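Please read it alongside the sequence and the coordinates.

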Amino acid sequence: MAITLLERPPVPVVESGVGELVGCAGECLERAAQGPVEAWGDGALGEAIAGLAVVESRAASLRLALSAEADRRGVAEATAETGTDAWVARLTGTTREQAAGGLRIARLLQERYAATRAAFAAGHLRVDQVRVIVNAAEQAPAEATVEQVRQAEEWLVARATGAGTRTGRGLDARRLRQAARRMFAAVDHDLAVRNGAILLGRETRTAEAETFFALHDNGDGSYTGRFRVPELHGHLLTQVVDRLTAPRRLSRDKTGGAVVDETAPGTANGANIYQTRGAALCELIEHLPATGWPGHGGNGCEVIVKIDLDTLLTGLDGGVAITAGQARRLACNAALIPAVLGRESVPLDLGRSRRLHSRHQRRALALVHDTCAVAGCSRPFAWCEIHHARLSWSRGGRTDLSDGLPLCGHHHRRAHDTRFDLRRGPDGDWTFHRRT
């Protein structure tokens with residue numbers, strides 16, 4: 001109810017009534033905070049949160065407008081402040097840098113960006129969205145006309161509020177910043193291309209200049225670190241970590257039934273998201289290449305091409321007969337490892353002659369498994385360790401291809417965990433079962 005009172009249409013007020021209206025708004029919020037929120041229904045909670053977001057935007061818009069007016073008048077001089085930013089910082093309890101940034105946005109809203117100013121004042125935009133729109137418009141190509149910038153600004157405002165999206169939901173600041181690279185797409189194609197290149201280039205150069213990585217030995221068996229990387233690398237890292245930290249890796253078996261991995265971090269041991277992300281980072285580090293890096297010194301990634309020998313032979317000039325091993329040798333220089341099906345020139349069964357599966361066996365298993373063999377696990381094969389599935393090496397197991405099972409680091413540890421049994425079902429899927 002308190003929020004509804006603040007939704008009344010705006011009416012002109014004189015100076016003496018400004019303080020009274022602001023005080024009234026504060027009293028309404030105070031009364032709302034004193035209510036027993038535990039008794040509110042779910043719908044009322046959602047409505048109140050959404051309404052408060054609108055109120056916050058309107059309050060922020062008014063505060064910036066007042067700050068801009070104070071700067072225009074030079075109010076700070078009356079109190080011998082070093083600038084309006086210092087004056088605002090003292091009144092609001094923020095830093096001078098924050099106040100200066102707000103003043104810049106306030107001035108630009110007053111001078112140029114009417115559509116953003118109106119949507120902000122109506123509570124349809126959040127402060128971070130306003131910053132994205134204004135900053136993007138300020139970086140428009142020099143050849144863009146005032147009318148073109150206005151149209152691009154209105155397009156961004158519509159995307160931010162949801163009026164210009166298919167779903168009707170607005171874009172948050174992060175996604176809006178990405179959309180800003182296309183803000184001139186509906187205005188002029190060539191201008192849009194130049195603007196996207198300008199924004200992306202500036203962001204990339206800034207991100208590269210600000211990239212850092214700090215790692216500190218805490219002296220207690222742990223390390224602490226901080227880093228800042230460009231958007232591309234952060235996105236790639238996020239994708240990897242997200243795949244490794246799915247709270248409950250839920251997938252489908254061959255019959256379409258749901259498969260829940262009970263061994264997943266956070267499923268049984270109560271780990272929170274930060275702990276599971278930490279475990280994922282450790283797993284990522286453990287699987288960094290031990291020798292060389294992709295693209296250097298021949299230690300890059302391998303591409304396995306499956307082709308039958310007869311098909312391969314038809315592609316050789318003169319129809320010269322070669323062995324599968326010779327075909328592999330000819331293709332190795334091109335960084336291609338053909339898996340020639342139908343004949344063998346590499347031993348794939350090693351019995352008790354060695355404990356670990358060979359590189360050739362890994363390649364053969366890669367033809368069968370794209371990921372970890374456990375149902376529902378999407379960790380890539382390249383991260384897997386080959387497990388003796390039928391009988392462990394220590395108990396007399398053989399290092400044969402038929403006994404090899406690719407398991408990611410997490411599931412390999414669970415395979416040797418006495419709390420779980422790894423079993424193969426009738427459908428061929430491997431799953432863990434908690435021992436009773």
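**Overview**

The protein chain has 16 helices and 10 strands, where helices (H or I, at least four residues) and strands (E, at least two) are DSSP runs numbered from the N terminus. This is a predicted model, in which local features need pLDDT of at least 70 and side-chain atom pairs count only at pLDDT 80 or more, while totals for chains, interfaces and linings use all residues. Residues are numbered from 1 along each chain as its sequence is written, and side-chain values use heavy atoms, with hydrogens and water left out.

- Of the 436 residues of the protein chain, 33% count as buried; buried means under 20% relative accessible area, exposed over 50% and partly exposed in between, with a 1.4 Å probe and protein chains only.
- Among contacts between residues at least 6 apart in sequence, 53% join residues at least 24 apart, a contact being heavy atoms within 4.5 Å.

**Helix packing**

Two packed helices are described by the angle between their axes and the distance between the axes. Axes are lines fitted to C-alpha atoms, for helices over the stretch in contact, and angles run from 0 to 180 degrees between N-to-C directions. Angles under 35 degrees count as roughly parallel, over 145 as roughly antiparallel, 65 to 115 as roughly perpendicular and the rest as oblique. A crossing is left-handed if the near helix is turned anticlockwise from the far one by less than a right angle, and right-handed if clockwise. For residue classes, Ala, Val, Leu, Ile, Met, Phe, Trp, Tyr, Cys and Pro count as nonpolar, Asp, Glu, Lys and Arg as charged, and the others, Gly among them, as polar.

*α7 with α8*

- Helix α7 (residues 127-138) and helix α8 (residues 146-161) have axes that come within 10 Å and cross at roughly 160°.
- The two helices α7 and α8 are therefore roughly antiparallel, and their crossing is right-handed.
- On the α7 side the contact uses Gln129, Ile133, Ala136 and Ala137, which meet Val149, Glu153, Leu156, Val157 and Ala160 of α8.
- By class, the residues of the α7 contact with α8 are 7 nonpolar, 1 polar and 1 charged.

*α6 with α8*

- Helix α6 (residues 114-121) packs on α8 at an angle of about 25°, with the axes 8 Å apart.
- This pair, α6 and α8, is therefore roughly parallel.
- Ala114, Ala115, Thr116 and Ala119 of α6 meet Glu153, Glu154 and Val157 of α8.
- The residues of the α6 contact with α8 divide into 4 nonpolar, 1 polar and 2 charged.

*α5 with α7*

- The axes of helix α5 (residues 96-111) and α7 come within 11 Å and cross at roughly 65°.
- That angle makes α5 roughly perpendicular to α7, and the crossing is left-handed.
- The contact is formed by Gly101, Gly102, Arg104, Ile105, Leu108 and Leu109 of α5 with Val130, Arg131, Val134, Asn135 and Glu138 of α7.
- Here the residues divide into 5 nonpolar, 3 polar and 3 charged.

**Aromatic pair**

- A search of the whole structure finds 1 aromatic pair, where rings of Phe, Tyr and Trp (its six-membered ring) pair if their centres lie within 6.5 Å, and planes under 30 degrees apart count as stacked, over 60 as edge-to-face and the rest as tilted.
- The ring centres of Phe420 and Phe432 are 6.2 Å apart and the planes lie at 85°, so the pair is edge-to-face.
- Phe420 is in strand β9 (residues 420-424) and Phe432 in strand β10 (residues 430-434), 12 residues apart.
- Phe420 counts as buried at 4% relative accessibility, and Phe432 is buried at 9%.

**Single residues**

- Ser61, in helix α3 (residues 42-73), is buried with a relative accessible area of 11%.
- Not counting residues up to four places away in sequence, Ser61 touches Arg117, Phe120 and Ala121.
- Gly409, in helix α16 (residues 409-415), counts as buried at 1% relative accessibility.
- Leaving aside neighbours within four places in sequence, Gly409 contacts Glu283, His287, Trp383 and Glu385.
- Most residues other than glycine have a negative phi.
- Ala80 has a positive phi of about 60° although it is not a glycine.
- Ala80 lies in the loop between α3 and α4 (84-92) and is exposed, with a relative accessible area of 70%.
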